Amino acid sequence: MLYKFKSRSTADIIMLQAHGRQILQAIGKSPDDAHGIVTPEQIPGAIQALEAAIAADEARRAEGNEGQGANGAQDQDERGDAGEAVRLRQRAAPFIDMLRRSAAEGKEVTW
């Protein structure tokens, strides 16, 4: 399943199910609903919640990197560079932009 986020202020954003669910959970919306809305009044809170989730994700990743010893760097090279993984900040950036543009024009975001 895909999530398709829409706003009259921006182009549509399409996300895979796992990523869309993560975004919806971060803003306090139920990912189980096939359709939903973020009203212009809810947008500032949604942006704040997403930014908090991004900060928590980055802190968790930083703690994980500090826990690696000398062998951790070697093991990481064998598996591939973990720094290449797409982070929540990157996944959420287009959605945050959509929210900001929608708020500026007083439009809702739906899915």
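Glu58 forms a salt bridge with Arg89, with 2.6 Å between the closest N and O atoms (a side-chain nitrogen of Lys or Arg within 4 Å of a carboxyl oxygen of Asp or Glu). This pair links distant parts of the chain, 31 residues apart: Glu58 sits in helix α2 and Arg89 in helix α4. Helices (H or I, at least four residues) and strands (E, at least two) are DSSP runs, numbered from the N terminus. Glu58 is partly exposed at 31% relative accessibility, and Arg89 is partly exposed at 45%; buried means under 20% relative accessible area, exposed over 50%, partly exposed in between (1.4 Å probe, protein chains only).

## Basis of the model

The model is predicted: local features need pLDDT of at least 70, side-chain atom pairs count only at pLDDT 80 or more, and totals for chains, interfaces and linings use all residues. Residues are numbered from 1 along each chain as its sequence is written, and side-chain values use heavy atoms, leaving out hydrogens and water.

## Salt bridges within helices

The whole structure holds eight salt bridges. One of them joins Asp57 to Arg61, the closest N and O atoms being 3.3 Å apart; both residues lie in helix α2 (residues 43–66), four residues apart. Asp57 is buried at 5% relative accessibility, whereas Arg61 is partly exposed at 28%.

Asp97 and Arg101 are four residues apart, so about one helical turn separates them.
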